[in-house]
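Please read the following briefing alongside the sequence and the coordinates. It is arranged by topic, with the cut-offs given where each term comes up.

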Amino acid sequence: MAQSLLAAAGGLLLLFSISSAQIRGDNLVNSANCNPNDGFGKYCPTTCGVADYLLRYIPKVDDDIDKMLDELENIANLTQGAEETVIYMKDSTTSAQKQSPVDPYFRKSTGMLDDVLRFEKTILTQEQQIFELQNLISSNERRMAELKQLSVQLQQRCQEPCKDSVEIQPITGTDCQDVANKGATTNGLYYIKPAQAPEQFLVYCEIDNFGRGFTVIQRRRDGSVDFHKDWIQYKNGFGYLSPDDTTEFWLGNEKIHLLTLGTTIPTVLRIELVDWDGNKKYADYTMFRVGPEADNYRLTYGYYLGGDAGDAFDGFDFGDDPSDKFYTSHNGMLFSTFDKDNDKYDGNCAQQDGSGWWMNRCHAAHLNGKYYPGGRYTEKDAGEHGFDNGIIWVTWHNRWYSLKETTMKLIPLSRLTAGGGQQTGVKQFGGLS
Ligand SMILES: [Ca+2]
């Protein structure tokens, strides 16, 4: 039907073309001026051309019109049929609605409709589930991509040779002098194992140009480490060792004991101090020893070897009482912490002064004291007890002046004078002997 309709449309177009030509042409009556060569389509159509065309094509046009009429009749018939069908369908629906639900076809169609609705519902639910699953897959894919990236980064890092963030020197020995004797020339962290030590431990070694190796046992620099610690912490050590000597620490009473135990060559304790004006002073004590824990890490030394900081370990006469010097000397004192009072005082020196130290009653030297930026402090600054609890070396600065930096380090006596550097000399014989 579509093809015949197109054909009919083509015929109509043809008719319109002709009618259009007619309007534009001259008077049809004036046919005498016809030029037989004045063909339609070649020039703008003249009356003659149109007449000629009509004469020539009328039979064909007639034929086309007949065909179109046939087509129109056909279409009209079809429309009629369609209308009838629509009416029939409407009637059927109405009658079906009117019919009782018992009608088997109605029931069947209703059942089918229900099924269709149910299926639709199921499809919608499943679509929702599919949508959710797709979201889950996308998020999982994203996470997998992230993990892949992470794994690539880790692989790259793993391809690089592992390096400890802290550089530890390879040479080992019984102490830092032994390490230096074996060729170590740089300051830094070394593992050492004194003769009696059950296992090696890490220390900071200060090795100078003369091949002297100092084993550092205490360092104060900036107050970054709190020295108010208990017995166990002082026993094991605390703070931080650093390869560039920038951190504060207490090496530990047990290690200090092992470093000074049973050596045939006397060990020198060198104390180096810096005040808040940048002045540096030192004090040396030879035959320095720290006893075992059973003896509460007792401090002993043979004598004050020298130094420009003075002999604060020997006690100090503060002018309060004639017994001041006696009760503030340190040689032979036991180590005390706030939780282990081994001092010569009715109260608890370590608790009052917030430190661990070889307390007497209480001290003239106090290098594990509280850190006071700027140095000068008062009874009020000292807190509830109000005692002198700063970093004190009273033969240099008075007890209300807290030092800026301290170092306590060990070296065999035989090596102390091996090079230049600070002058040492026996200025005073003191102590227990
Ligand atoms: Ca006491």
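This is a predicted model: local features need pLDDT of at least 70, side-chain atom pairs count only at pLDDT 80 or more; totals for chains, interfaces and linings use all residues.

Residues are numbered from 1 along each chain as its sequence is written, and side-chain values use heavy atoms, with hydrogens and water left out.

**Disulfides**

- With a disulfide taken as a pair of cysteine sulfur atoms within 2.5 Å, the count comes to two disulfides.
- C176 and C205 form a disulfide with their sulfur atoms 1.9 Å apart, and because the torsion about the S-S bond is about -75 degrees, this disulfide is left-handed.
- The pair links distant parts of the chain, 29 residues apart, with C176 in helix α4 (residues 176-181) and C205 in strand β2 (residues 201-207); helices (H or I, at least four residues) and strands (E, at least two) are DSSP runs numbered from the N terminus.
- C176 counts as buried at 0% relative accessibility, and C205 likewise counts as buried at 0%, where buried means under 20% relative accessible area, exposed over 50%, and partly exposed in between (1.4 Å probe, protein chains only).
- A disulfide also joins C349 to C362, with an S to S distance of 1.9 Å, and its S-S torsion is about -80 degrees, so this disulfide is left-handed.
- This pair links distant parts of the chain, 13 residues apart, with C349 in helix α8 (residues 349-353) and C362 in the loop between α8 and β11 (365-366); both C349 and C362 are buried.

**Calcium site**

- The calcium ion is coordinated at 2.2 to 2.7 Å by D341 (OD), D341 (OD), D343 (OD), Y345 (O) and G347 (O), where donors are N, O and S atoms within 2.8 Å of the metal (3.2 Å for Na, K and Ca), and the site may look incomplete because water is not among the atoms.
- Along the chain, these donors follow the spacing D-x1-D-x1-Y-x1-G.
- D341 is partly exposed, with a relative accessible area of 35%, and Y345 counts as partly exposed at 26% relative accessibility.

**Annotated region**

- The UniProt annotation "coiled-coil region", from an unreviewed entry, covers residues 130-157, and such annotations may be inferred rather than shown by experiment.
- Over residues 130-157 the chain is 100% helix and 0% strand, with the end C-alpha atoms 40 Å apart.
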